[in-house]
Amino acid sequence: MNSLATSPHTRQMSAPLPFSRLRAPADALYPRLFEAILDRRIDPASRFTEDSLKQMFGVSRADVRRVLTQLSHEQVIVLRANHRPRVAAPDAEQTRQTLHARRLTEATLVRLACQNASAEGLKRLRTLVERERLAVVQERRAAAIRLSGEFHLQLAQMAGNAPLAHFLGSLVPLTSLAIARCQHQTHSCCAWQEHLALLEAVECGDGVKASLLMNRHLDDLEQTLLEPTIKHYVVG
């Protein structure tokens, strides 16, 4: 039996992934707050508090605290006792290591997704690609970056291996933060086309092609983020 295969019983018993457990209205606050960070309306130099975020977004302090805790687990926000929350500032080496971990993880996850793809999961992914495309067309860069990361997380969820998907959930938001901080931007973006190609490979059950596309996608992302001479508007 293929070691990557997952039995139907295992798939049925898989628990919901930790990165999708926020409760309403905190679950509605998460994308708004994350996009404010990606859009640099809240940046590493910002001196924000739970109360200031409560006023900014018109939500309860408890909801703010839950989302900040979630973002802390994802290494986007740094929380320390007796200190204000602050946005993380990943350096080049941290970004390089994060992308290396993503390659190793997503090469396996995308092959599993090819084996375990469901009509419902594929529909969700296609919807995400379309939302990402619209965000790019409308020049909503922060939304495009967030939706791009969500594509990878949803693909991981469909793979049916909760521990690996959970691990990826700690890597993708940090990558999104690095992308948002990247100064090399133009007004073009091709990530949604790359995601569409990945989706089509998964739909066909072609694990070899999907893995190659994923590696190329992440290689291009690393080159864009870490090579100062290359300029792209990038989402990954």
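The side chain of T175 reaches out to the backbone oxygen of L171, at 2.9 Å. That is a polar contact: a pair of N or O atoms within 3.5 Å, where within protein one must be able to donate a hydrogen and the other to accept it, and residues adjacent in sequence count only if both atoms are side-chain atoms. This is a predicted model, in which local features need pLDDT of at least 70, side-chain atom pairs count only at pLDDT 80 or more, and totals for chains, interfaces and linings use all residues. Residues are numbered from 1 along each chain as its sequence is written, and side-chain values use heavy atoms, with hydrogens and water left out.

T175 sits in helix α9 (residues 172-181). Helices are DSSP runs (H or I, at least four residues), numbered from the N terminus. T175 counts as buried because its relative accessibility is 3%; the cut-off is under 20% relative accessible area (1.4 Å probe, protein chains only). Beyond its neighbours within four places in sequence, T175 is in contact with T98, L99, R102 and L221. Contact means heavy atoms within 4.5 Å.

Next, H195. It belongs to helix α10 (residues 191-203). At 0% relative accessibility, H195 is buried. Its side chain makes a polar contact of 3.1 Å with that of H152.

How many aromatic pairs does a search of the whole structure find? One. The ring centres of Y30 and F34 are 5.7 Å apart and their planes stand at 55°, so the pair is tilted. Rings of Phe, Tyr and Trp (its six-membered ring) pair if their centres lie within 6.5 Å; planes under 30 degrees apart count as stacked, over 60 as edge-to-face and the rest as tilted. Both residues, Y30 and F34, are buried.

Notes: Helix = DSSP H or I, 4+ residues; strand = E, 2+ residues; numbered from the N terminus. Buried < 20%, exposed > 50% of the residue type's maximum accessible area, 1.4 Å probe, protein only.
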